[in-house]
Amino acid sequence: MASLQLDAVFKSFGDAEIIKGVDLEVKDGEFVVFVGPSGCGKSTLLRLIAGLDKVSGGHIRIGGNDVQALSPGERGIAMVFQSYALYPHMTVRENLSFGLQNFKLSKEVIEAKVLEAVRMLAMEPYLERRPRDLSGGQRQRVAIGRAIVRDPQVFLFDEPLSNLDAALRVQTRAEITRLHQRLKATMIYVTHDQVEAMTMADRIAVLNAGKLEQFGTPEELFMHPANRFVARFIGSPSMNVFPAKLKSGGATAEIEAADFGTLTLPVDAGDLPSGTALEIGIRPQHLRPTEGAGAAYTVSYAESIGTETYVYGNMAGTSDEIILHIPDHRKFVPGQVISVAVDPSLVHVFRADTGVTLPARP
Ligand SMILES: Nc1ncnc2c1ncn2[C@@H]1O[C@H](COP(=O)(O)OP(=O)(O)OP(=O)(O)O)[C@@H](O)[C@H]1O
Ligand SMILES: [Mg+2]
């Protein structure tokens, strides 16, 4: 097992700069998830770590050693792809042991490693089957087994569950988490599913257009997103965002926001002048209907799924759809106007120009 460091890593394909200076330090034994929208560079970054592509700038260190000059085979890395990449004409046993001969291991050692991996993955009954006679979930487990038998310093997973149906995805997700706890290996796991990221990761790296937006624990990202991009990417449904304006900064920031009137918020506006364009963000769970004073909200429609209700509608001052997530069963009529309120400590404030979050007041 080993730590992994990325130092100002850049990657261009021709004129196109795809990875734009990523710094990241993954601790020994940590489970780190890379998330971000399609095309942001997640797979490219994994391929650079694996050595399947060469960096255009910067350094990658595994266990403290610069791996620039090492081939993929010498880096002590095993990668599991979305497409399982199994050998179709080989049995599960052969798929798992193939390539281990190159590590100068005895037959007995190889056999023991293969048996240990299939036991870990509950695949013993399938040792003599070929991939075409296995389900998608079983094939993916063989692909994971092939990584396990190599005893890599770092495991890399590139969206390994996206070909599985929803139920199997949840089950395999739990298996990978257990595998991590058991092997205590350093793992990097790519997904664009933020629920997978939130449930599996020790820390999450949010990538956007080749840049690292934030690197932190799931809780840090959810509670204290560094900017609007992370705020909207993490959490489902996405955070609602409203235009706002700084009225006065200093000890208590007074912020005028859409239909909420003037909010006194526990954020530090620094030396931003009054009138600065801001945005406020409120999660659907934190915007609650109230009988008392609040902002007017017009319901378009509502979905009640037993124990919870999602309401879709809009508010004066913003053209975007605003979503409420209510933790019980409630009935709403299209066109109904209700009053909504928010606890000031749950409001996020961003600069409109840069999207950066205003820090909470100490
Ligand atoms: N060999 C290549 N030559 C040119 N462009 C490439 C190459 N590989 C990737 N790209 C480009 O780099 C960008 C990032 O691709 P990458 O596969 O890393 O995205 P991703 O975050 O993994 O997306 P997805 O979630 O869809 O898998 C894309 O715009 C892609 O077209
Ligand atoms: Mg990808």
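This is a predicted model: local features need pLDDT of at least 70, side-chain atom pairs count only at pLDDT 80 or more; totals for chains, interfaces and linings use all residues.
Trainee: Which residues line the largest cavity?

Mentor: They are Leu48, Asp53, Lys54, Val55, Ile60, Asp66, Val67, Gln68 and Arg75. Leu48, Val55, Ile60 and Val67 are on the nonpolar list. Asp53, Lys54, Asp66 and Arg75 belong with the charged ones.

Trainee: Okay, over to Glu159. Why is Glu159 called buried?

Mentor: Its relative accessible area is 12%. Buried means under 20%, so Glu159 qualifies. You'll find Glu159 in the loop between β7 (154-158) and α5 (166-183).

Trainee: Then why is Ala122 called partly exposed?

Mentor: Ala122 has a relative accessible area of 45%. Exposed needs over 50% and buried needs under 20%, so Ala122 falls in between. Ala122 sits in the loop between α3 (107-120) and α4 (136-148).

Trainee: What makes the backbone at these two worth a look?

Mentor: Phi! For Ala122 it is near 55°, a positive value in a residue other than glycine. Glu159 has a positive phi too, near 45°. Most residues other than glycine have a negative phi.

Trainee: Which peptide bond is cis?

Mentor: The one joining Ser236 and Pro237, with omega about -10°. Pro237 lies in the loop between α8 (228-233) and β11 (240-248). Most peptide bonds are trans.

Trainee: What makes a group of residues a nonpolar core?

Mentor: Its members are buried, come from a list of nonpolar types, and are joined through side-chain atoms within 4.5 Å. The largest nonpolar core has 45 residues, and Ile148 is one of those with the most contacts inside it. Not counting residues up to four places away in sequence, Ile148 touches Ala117, Met120, Leu121, Phe155, Leu179 and Leu183. Apart from that core lies another, of 31 residues, including Ile255 and Leu324.

Trainee: Last one: where do the domains run?

Mentor: The domain assignment gives domain 1 (4-232) and domain 2 (237-351). Eight residues from domain 1 and eight residues from domain 2 take part in the contact. The C-alpha centres of domain 1 and domain 2 lie 38 Å apart.

Methods:
Residues are numbered from 1 along each chain as its sequence is written. Chains are lettered from A and ligands numbered from 1 in the order in which they are written. Side-chain values use heavy atoms; hydrogens and water are left out. Helices (H or I, at least four residues) and strands (E, at least two) are DSSP runs, numbered from the N terminus. Buried means under 20% relative accessible area, exposed over 50%, partly exposed in between (1.4 Å probe, protein chains only). On a 1 Å grid over the protein atoms alone, a cavity is a set of points where a 1.4 Å probe fits but cannot get out, and a pocket is an open set with protein on both sides within 12 Å along at least five of seven lines; lining residues have an atom within 4 Å of a point. Contact means heavy atoms within 4.5 Å. Domain bounds come from an automatic or database domain assignment.
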